[in-house]
Amino acid sequence: MVFSSLEFIYLFLPPVFIGYLVLRHWGWENGIIWWLTIASLVFYAWWTPVYLPLLLGSVVINYGFHRVLRQVRDKFILIAGIVFNLALIAVFKYADFFIGNANLIAGADIPMLNLVLPLAISFFTFQQISFLIDTYKGDIIKCDFGRYMLFVVFFPQLIAGPIVMQKETIPQFKLPVFRNKLVLNLAVGSTLFAIGLFKKIVLADGIAPYANQVFSLAETTNGVPLEAAWIGALAYTFQLYFDFSGYCDMALGLARLFGIRLPVNFNSPYKATSISDFWRRWHITLSHFLRDYLYIPLGGNRSGPIRRYSNLMITMLLGGLWHGASWTFVFWGGLHGAYLAINHGWDALSKNGYVPNVLPRPVGNLLSRGITLLAVVVAWVFFRAESFTGASNIIHGMTGFSTVYEPKLWEGALTGTMQVWAMMIALAAIVFLLPNAIEFTEKYNPVLGLKKLVAQRRSEGFLPVRWQPTTGWALGVSVLFGLALIQTYRLAEMTEFIYFNF
């Protein structure tokens, strides 16, 4: 059951929301908390019931570590809690990866475990690690088990984020928040959900077949023609953008239906003027987690440029590995680590006057955005490819070095080429000219941390379109929702959000 499925829209969400309204009317705070918790567990169990005990066990054990740390602030207990959480990820997500590489290096024949990856394990373990660290630091005064459990399993953010911190959500789990501005919450929440559904079903899933066709064939051929390679790379670039952006919008909207505001996790990353800026906009909560709990503890930028670049590389390599047990993900992380090192080195040279600024500011910004986006697109090839061979075939095709061209083989990928390019031009116009969903609804405070985004937005050019809770806007959003529902009925098979795999 995904947010974009008919089961979720018709069978799950309505009774959950009605139950919330009844408990809200009664003014039963703990009833709302446990109702949302039980609903979230049902949502999780709908996928893989066998791993529900794993989630519950993780929650109970981590809460036990929290209670002990509150009584005895011992670093050994904190380390034990972190090791427990990392061990869960290591066993269920990376065991076969490590075994396979050990067999390859040592020539051994250790049998694979072949464990099915538990849904959302990377997300709920990271949240609980942050909770234990905050407990050790004394940043948590009091948190009962019900609120802690809802903090971990709240269904809008359970499966693919955002990775929320306790200080962001637990203080919201109280009756005044649940009972505040019901009509406005319903209007904003349903608007964000409808926008996200349209992005996922119509835009992301609409362009996905072109990316899938090219990347699949790249794994089984000796090369990719120039145009096909660019179609595949750009189609995936837009697919991932609207898939993840759509999920983030839907998560924000679902949480807002219950009066909860989640932290911003996506902010027009393809408008970034540098790789550092990209990571301030893409999967923002993961970036913050890696910065606060890995990069800074490693030493950050406190020990000179060489150590800083090393820390950046280690952080991004592990960030790549977090996305999946594959060397292509590690390489993708390493690419971004190298990008960030170059970015910071260039900034240092510029600040010291070694790089003259001869371009007009608008031209410089446009050039910076173009270079950044090109670097991101190249890295996405390794993120998407199933192997280095497939990625290499795409990259060679993009650079024009591929000499292979088999018309019959590429017929499926290149059918209706003009239509594909027209679709991507339309998607680019949405990305670069229209406000994102947060900007679209910013007057009504859709996310936590909104003020930090306002100054950045004012420096960017786009059409000043703003949503209002009016009949006209309600009709417009309803049209988007209706188009997405129609497309959902047409789909032969429901596709998951890409980040569900991580």
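Buried area is the accessible area, found with a 1.4 Å probe, that two parts lose on being put together, summed over both. Keep that idea handy for the tour. This is a predicted model, in which local features need pLDDT of at least 70, side-chain atom pairs count only at pLDDT 80 or more, and totals for chains, interfaces and linings use all residues. Residues are numbered from 1 along each chain as its sequence is written, and side-chain values use heavy atoms, with hydrogens and water left out.

**Stop 1: the two domains.** Colour residues 6–180 as domain 1 and 272–402 as domain 2; these bounds come from an automatic or database domain assignment. Their centres, taken over C-alpha atoms, are 29 Å apart. Together the two domains bury about 1,300 Å², with 74% of it on carbon and sulfur atoms. Now select Phe97, Phe126 and Ile163: in domain 1 they lose the most area to domain 2, together 42% of what that side buries. Contact (heavy atoms within 4.5 Å) involves 14 residues of domain 1 and 12 residues of domain 2.

**Stop 2: a salt bridge.** Here a side-chain nitrogen of Lys or Arg lies within 4 Å of a carboxyl oxygen of Asp or Glu. The structure holds 9 salt bridges, but the count between domain 1 and domain 2 is 0. Pick Glu29 and Arg147, whose closest N and O atoms are 2.2 Å apart. Glu29 sits in helix H2 (residues 29–47) and Arg147 in helix H6 (residues 145–153), so the pair links parts of the chain 118 residues apart. Helices are DSSP runs (H or I, at least four residues), numbered from the N terminus.

**Stop 3: two crossing helices.** Show H11 (residues 226–257) and H16 (residues 361–384). Their axes, lines fitted to C-alpha atoms over the stretch in contact, come within 9 Å and cross at roughly 90°. That makes H11 roughly perpendicular to H16, a label for angles of 65 to 115 degrees. Among the residues making the contact are Trp230 and Tyr236 of H11 and Trp380 and Phe383 of H16.

Stop 4: Most residues other than glycine have a negative phi, and most peptide bonds are trans. Which bond is cis? The one joining Gly161 and Pro162, with omega about 5°. Pro162 is in the loop between helix H7 (155–158) and helix H8 (166–169). Finally, select Asn114, which has a positive phi of about 55° although it is not a glycine. Asn114 lies in the loop between helix H4 (75–106) and helix H5 (121–137).

Terms used:
Axes are lines fitted to C-alpha atoms, for helices over the stretch in contact, and angles run from 0 to 180 degrees between N-to-C directions. Helices (H or I, at least four residues) and strands (E, at least two) are DSSP runs, numbered from the N terminus. Angles under 35 degrees count as roughly parallel, over 145 as roughly antiparallel, 65 to 115 as roughly perpendicular and the rest as oblique.
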